[in-house]
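Dear colleague,

Please find below the structure that I am handing over to you. My findings follow directly after it.

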Amino acid sequence: MILSRLNRQNEVQWGELSITQLSWLRLKQNKLAMGGLFLFIFITILCFVFPLFLPANAYEIQNLNLQAQAPSSEYWFGTDSLGRDLFSRVLYGGRISLSLGFAATMVSLLIGVSYGCLSGYLGGRCDAMMMRTVDVLYALPFTIFVILLMVLFERNIFLMFAAIGAVEWLTMARIVRGQVVYLKNQQYIDASRALGASDIKIMFKHLLPNFLGVVIVFSTLTVPAVMLLEAFLSFIGMGVQPPMSSWGLLIRDGADSMEVSPWRLCFPALFFSLTLFSLNFLGDGLRDAFDPRDGKA
Amino acid sequence: MWTFILRRAIQIPVVLLAVITITFFMVRSAPGGPFSSERQLPRHIEANLNAYYGFDRPLLEQYGAYLVQLCQGDLGPSTKYEGLTVNEIIGQSFPVSLQLGLAAFCLSVIIGLPLGIYSAYRQNSVFDYSLMSIAMIGICLPTFVLGPLLSYFFALKFGWFNSSGWYEPKDIVLPAVTLGLYFAAYIARLSRAGMLEVMNQDFIRTARAKGLSEWGVVVTHGVKIAIRPVVSYLGPALAGMVSGSFVVELIYDVPGLGRFFVLGAINQDYSLVLGTVVFFALLIVIFNLAVDVILGLLNPKQREL
């Protein structure tokens, strides 16, 4: 239905459009998803570009005369109990939370895609073994897994994204494997093999581009999941350590002092929730756009 | 049906054994130990403690001993909480988590299921769009944001509830809402998707053509099929809810099981980590089995799998 409407509106011959262009057209129709996209870009720019105009290390500058001040024209979001400017702390925290989210998603992408691709491509007993391993790992409670890894890495924040990525790859591996099992039995793969293409070439040239859409969609949904895990770890004190700042850490501080200074909870919580909303709405819209059968269309 | 249940039940020990083995060797391979803390213990005291708990024996021997012990239902003594066994810790805190989890579970099903079904029935209406947006917010909003906010408004501002503690019956309300809202939102989305798929099928048209009332079509014919994905989700969800949530317990000061998952891992309390993991895995496999049985009752085809 959307397609026919698109055709009429834009007067395009849709045979000429690639899958990516079609998906982009469908995505543009989805107001919630586009809203999410713009909101996310806005927050990212705010967190990464705006701090350049602030004094260096603004997040750890203390002014002990101005403890727990309410928001004012000088301190837009108020200050915390050590007199640090909450606005800069929220922005710097956003930098860390967002970069961790992306880095860990990349790690999970790398492990999940290669594992799933290999498992699906090899097939047979090897595939069964690899997938049973994933099943068993699924039965483990993730939090304990990550906390153990954090104990192992001794709370090194640069290794934290590796720890989170190491537990978030399971679903990705399953999805990719399902796609590969379906794709590898298609005739064009047989044709390519008959022409003498190597396994490596088939994987990278023929399989990867075909399941890339699914992977992109799922990554959009993995980023908020990872950020949630990071915030949870920081919230319980196992993640990012002060005086560094992260949204989870700020929410924890804010929750402890909300009776006297509620703004310290509200601003970090607002930024964190808005980022999660925008990414989830975007991911949902992308899923509908790439796969029109699924959902309302 | 019985052979189906039996075949599923046989897999349980295999999965449990795998979980135990992985956790056991992972906990042990982490540097440090239950007695390493800021204050270094004198070497001979640490050696004595290790000998007392049997940590000085070869790892494989300990593993075998743990399995034998486990078969007798003994989860071993906790190293951090002296004088308490892991069985006692779970025995004291699980009833609290069970109450809280069941309350949250009922809440999420009672809210999520009817709203999701009605939303699918009124597809693309304003009600549908607003409900699905709210459900999305419910899914995104983490418990450690929702919890403090609820506590701030309903306990501190309006004074309807206590902001923390576990003494009166009404103390269960805020934690249960915090815990259950995410699941309610997820159930609403699942049941809406399931219902949309069913309502376009031929047998629904047939039921309408036969002159059944709308209520009869939707509830007796539609819902029975549409709740299948919800039922498969409820198994792990229930296990997650009754095993306690560290964040909810932290915010509302509830003496539940959830904190021991985290504290056990942080303190490297070997038997507590293993005990809670085994307990959680056991809950998961049991609830999954129950889900399979219920799905089998709902759908005869499933039994042949």
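Read along the sequence, chain B runs α-α-α-α-α-α-α-α-α-α-α-α-α. Its secondary structure therefore amounts, under the DSSP assignment, to 13 helices and zero strands. Please note that this is a predicted model.

As to overall dimensions, the C-alpha atoms of chain B fill a box of roughly 85 × 55 × 30 Å along the principal axes. Of the 305 residues in chain B, 37% are buried. When contacts in chain B between residues at least 6 apart in sequence are considered, 75% of them join residues at least 24 apart.

One helix of chain B deserves a separate description. Helix H7 of chain B covers residues 173–199 and bends by about 40° at Gly180(B). H7(B) is mostly covered, with 21 of its 27 residues buried.

H7(B) also packs against helix H10 of chain B, which spans residues 228–242. The angle between the two is about 165°, and their axes are 9 Å apart. Because an angle over 145 degrees counts as roughly antiparallel, H7(B) is described as roughly antiparallel to H10(B). The crossing of H7(B) past H10(B) is right-handed. On the side of H7(B), the contact is made by Leu179(B), Phe183(B), Ile187(B), Leu190(B), Ser191(B) and Gly194(B). H10(B) contributes Arg228(B), Pro229(B), Val230(B), Tyr233(B), Ala237(B) and Met241(B).

The axes of helix H4 (residues 86–122) and helix H11 (residues 263–290) of chain A come within 10 Å and cross at roughly 30°. Since angles under 35 degrees count as roughly parallel, H4(A) is roughly parallel to H11(A). H4(A) passes H11(A) in a right-handed crossing. Leu86(A), Val90(A), Gly93(A) and Gly94(A) of H4(A) meet Arg264(A), Phe267(A), Pro268(A) and Phe271(A) of H11(A) in this contact.

Finally, I turn to the nonpolar core. The largest one has 142 residues, and Val146(A) and Ile251(A) are those with the most contacts inside it. Which residues does Ile251(A) touch, not counting residues up to four places away in sequence? In chain A they are Ala231(A), Phe235(A), Leu265(A), Pro268(A), Ala269(A) and Phe272(A). In chain B they are Phe144(B) and Val145(B). Pro268(A), touched by Ile251(A), also takes part in the contact of H11(A) with H4(A).

Yours sincerely

Notes
Residues are numbered from 1 along each chain as its sequence is written. Chains are lettered from A and ligands numbered from 1 in the order in which they are written. This is a predicted model: local features need pLDDT of at least 70, side-chain atom pairs count only at pLDDT 80 or more; totals for chains, interfaces and linings use all residues. Helices (H or I, at least four residues) and strands (E, at least two) are DSSP runs, numbered from the N terminus. A residue is buried if 20 or more other C-beta atoms lie within 10 Å of its own, exposed if 12 or fewer, and partly exposed in between; C-beta atoms are placed from the backbone. Two residues are in contact if their C-beta atoms, placed from the backbone, lie within 7 Å. A nonpolar core is a set of buried Ala, Val, Leu, Ile, Met, Phe, Trp, Tyr and Cys residues joined through C-beta atoms within 7 Å. The bend at a residue is the angle between axes fitted to the seven residues ending there and the seven starting there. Axes are lines fitted to C-alpha atoms, for helices over the stretch in contact, and angles run from 0 to 180 degrees between N-to-C directions. Angles under 35 degrees count as roughly parallel, over 145 as roughly antiparallel, 65 to 115 as roughly perpendicular and the rest as oblique. A crossing is left-handed if the near helix is turned anticlockwise from the far one by less than a right angle, and right-handed if clockwise.
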